Amino acid sequence: MGVEVIPMELPSQLRDNKVLVTGASGFIGSHLSQRLCDNGYEVHSVSRTRRCDGMNRLHWWQRDLEDPAIVRDLVTTIKPAVIFHLTGQVTAAPGLELVSPTLCSLLVSTVNLLTAATEIGCHRVVLIGSLTEPSHNDAVPGSPYAAAKWASSVYGRMFHALYQTPVVIARPFMTYGPGQDMRKLIPYVTLSLLQGEVPKLSSGCWQADWIYIDDVVDGLLCAAQVHNVEGCMIDLGSGRLVTTYTVVQQLTNCIDSRVVPLFGAVPDRPLEEVRIADTAYAHAKLGWKPLISLENGLRLTVEWYKRQLKDAPTV
């Protein structure tokens with residue numbers, strides 16, 4: 001069963017409902033852009049590399065968001081009603097070589113977009129937070145990515161407090177679904193099992209709050225249209241912790257695979273934090289709650305990958 005589409009009901013006078021989506025080629029961004037286009041919105045997406053316009057009503061811009069003048073010109077030209085900012089280098093690895101790239105792609109781009117949106121004006125800026133952000137002020141980020149996302153959220157709240165920028169920070173939890181990066185757990189295990197290969201995994205003990213992509217997109221659309229949520233950070237999750245072992249077992253059962261996943265073949269990540277979404281706050285602020293159970297979400301994901309394998313050209 002699919003998810004009911006929730007249209008963005010923005011005031012019609014807001015610049016023809018143009019929407020700017022950064023990171024539209026990514027997992028969440030591509031699903032969000034598809035939903036927006038399906039609902040008749042003119043979507044403008046940004047990429048460092050040249051791309052051809054794809055689906056109807058989707059327009060690509062080749063721009064560097066780390067340059068404030070370029071960002072100001074982009075926002076001035078498009079005049080978007082809403083900005084969804086999802087772009088940036090995503091990795092939880094702790095390497096020193098990631099400090100500068102994450103600083104620029106995540107924090108600098110965020111500050112540039114917030115500045116341009118404040119100067120030029122728009123209905124709403126939706127920043128994408130991260131569950132890796134420290135939950136307490138005295139906590140230490142576990143990676144350059146977490147530090148940059150944390151700082152981006154702080155800047156978002158500052159812009160709202162000082163300059164009344166209409167910012168909402170939406171924090172998706174462990175999002176999964178069709179088209180996700182193949183290095184992520186669920187697509188890796190799914191394709192391994194479908195192809196009769198043994199997935200090599202960590203202990204499986206880590207718990208996460210899993211949320212299906214369609215529910216996340218619903219939450220982002222709510223964050224763009226609901227009144228009186230500016231300055232808030234809102235979790236988009238299920239409110240339930242499930243171990244990776246349980247997720248893998250559910251995938252195995254769904255696929256009816258005889259392949260036995262190999263747990264313990266990969267070391268667990270040290271000090272990986274366990275977080276659960278505050279779904280009560282999300283419902284109170286947005287009127288949003290997830291509609292897809294983990295069981296149904298995994299089934300929908302498996303069915304999508306089965307179709308991809310079936311339709312793949314043979315060599």
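The lining of the second largest cavity divides into five nonpolar, one polar and three charged residues, where Ala, Val, Leu, Ile, Met, Phe, Trp, Tyr, Cys and Pro count as nonpolar, Asp, Glu, Lys and Arg as charged, and the others, Gly among them, as polar. Among the residues that line this second largest cavity are Trp206, Asp209, Glu273 and Arg275. This is a predicted model, in which local features need pLDDT of at least 70 and side-chain atom pairs count only at pLDDT 80 or more, whereas totals for chains, interfaces and linings use all residues. Residues are numbered from 1 along each chain as its sequence is written, and side-chain values use heavy atoms, with hydrogens and water left out.

A cavity here is a set of points, on a 1 Å grid over the protein atoms alone, where a 1.4 Å probe fits but cannot get out, and its lining residues have an atom within 4 Å of a point. The volume is the space filled by probe spheres set on the points, which are joined across faces, edges and corners. The count comes to two cavities of 30 Å³ or more.

| Cavity | Volume | Lining by class |
|---|---|---|
| Largest cavity | about 100 Å³ | five nonpolar, six polar and one charged residues |
| Second largest cavity | about 40 Å³ | five nonpolar, one polar and three charged residues |

For the largest cavity, α3 (99-120), β5 (124-128) and α4 (144-163) each supply at least two lining residues, and the largest share, three residues, comes from α4. These helices (H or I, at least four residues) and strands (E, at least two) are DSSP runs, numbered from the N terminus.

How values were computed: On a 1 Å grid over the protein atoms alone, a cavity is a set of points where a 1.4 Å probe fits but cannot get out, and a pocket is an open set with protein on both sides within 12 Å along at least five of seven lines; lining residues have an atom within 4 Å of a point.
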